[in-house]
Amino acid sequence: MKAGKGVAKAEDSAPFTIKAFNSEYPEIHMQDIVASNGKFFIGNMTGSVCPRGVRDCPVGNVTALQTTKEGYAYLDVVKKTQVVYVDSQSGLRFNPPGVEAGQDSRNATFSLTTNPIPAPPAFSALKFSGVGRSTGYLACPIPPTTEVWEVFVSTNNLIEDGDSWVPSGDVSDCIGFDAFASNYTSPVAAAYQYV
């Protein structure tokens, strides 16, 4: 799906939210993954806005996504134009409002797997199988504390050459996790647009 088309199709998944799952690390385990500033984080707040003059805007305090049968993922916004992708440095990203998703978005392949082990009941797993070989996701701390974590896809390139790509400058500071999805039920989109 290319940004700008603005059409959700019947075969697209229902909207869902995502949590990080790694029971060995309580600092990220079962914490929400949120969209903010073009990136995805654990321990941060969802970044969304409603343009002036728009009536009945969604609250916008939840990050929800959808996937397509072709393997694309996008944010659950009113116009369905914000695409989720993995950039050349393995960061999980989304395009800003009104900006066409770049070349990186064409390499993204996301899928939902139902009843994954060891997920709790009613969860699915969000898998990525795009650029490079992926082995899941990484939460990388943003210094000076470990309260906010930036989300990356764990690719061979990141593990081998990515020290300069992560906030702390050292990939070994990052924690691996599975991304588990649960249905987001609402009669309206989760946000007007994410920023």
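**Group meeting: a predicted single-chain model**

I begin with one side-chain arrangement: R93 lies over the face of F152, 5.6 Å from the ring centre. A charge is taken to sit over a ring if NZ of Lys or CZ of Arg is within 6 Å of the ring centre and within 35 degrees of the ring normal.

Residues are numbered from 1 along each chain as its sequence is written, and side-chain values use heavy atoms, with hydrogens and water left out.

Let me turn to the chain as a whole. Its secondary structure comes to 1 helix and 14 strands; helices (H or I, at least four residues) and strands (E, at least two) are DSSP runs, numbered from the N terminus. Of the 195 residues in the chain, 46% are buried. Here, buried means under 20% relative accessible area, exposed over 50%, and partly exposed in between, with a 1.4 Å probe and protein chains only. The chain exposes about 9,800 Å², and carbon and sulfur atoms supply 49% of that area. These accessible areas come from the Shrake-Rupley method with a 1.4 Å probe; for residues, only the protein chains shown count as cover. As to contacts (heavy atoms within 4.5 Å), residues 24 or more positions apart account for 60% of those in the chain with a separation of 6 or more.

Next, the disulfides. How many does the structure hold? There are 2 disulfides, each being a pair of cysteine sulfur atoms within 2.5 Å. With the bonded cysteines of the chain numbered in sequence order, the pairing is 1-2, 3-4.

C50 and C57 form a disulfide with their sulfur atoms 1.7 Å apart. The torsion about the S-S bond of C50 and C57 is about 80°, so this disulfide is right-handed. C50 counts as partly exposed, at 34% relative accessibility, and C57 is also partly exposed, at 25%.

The other disulfide joins C140 to C174, with an S to S distance of 2.1 Å. Its S-S torsion is about 110°, so the disulfide of C140 and C174 is right-handed. Since C140 lies in strand β11 (residues 134-141) and C174 in the loop between α1 (156-161) and β13 (175-183), the pair ties together parts that are 34 residues apart in sequence. C140 is buried at 1% relative accessibility, and C174 is buried at 13%.

I now come to the aromatic rings. A search of the whole structure finds 4 aromatic pairs. Rings of Phe, Tyr and Trp (its six-membered ring) pair if their centres lie within 6.5 Å; planes under 30 degrees apart count as stacked, over 60 as edge-to-face and the rest as tilted. Among the pairs is that of F21 and F180, whose ring centres are 4.8 Å apart and whose planes meet at 40°, so the pair is tilted. F21 lies in strand β1 (residues 16-21) and F180 in strand β13, so the pair ties together parts that are 159 residues apart in sequence. Both F21 and F180 are buried.

Another of these pairs is F110 with F128: the centres are 5.2 Å apart and the planes are at 55°, so this pair is tilted. It links distant parts of the chain, with F110 in strand β9 (residues 110-114) and F128 in strand β10 (residues 124-128), 18 residues apart. F110 and F128 are both buried.

Is D12 buried or exposed? D12, in the segment before β1, is buried, with a relative accessible area of 9%. A polar contact of 2.7 Å joins the side chains of D12 and Y74. Such a contact is a pair of N or O atoms within 3.5 Å; within protein, one must be able to donate a hydrogen and the other to accept it, and residues adjacent in sequence count only if both atoms are side-chain atoms. Leaving aside its neighbours within four places in sequence, D12 is in contact with Q66, T67, T68 and Y74.

I close with the backbone. The peptide bond from P143 to P144 is cis, with omega near 10°, and P144 is found in the loop between β11 and β12 (149-155). M30, a residue other than glycine, has a positive phi near 60°; M30 lies in the loop between β1 and β2 (33-36) and is partly exposed, with a relative accessible area of 26%. S90, not a glycine, has a positive phi of about 70°. S90 lies in the loop between β7 and β8 (92-94) and is buried, with a relative accessible area of 4%.
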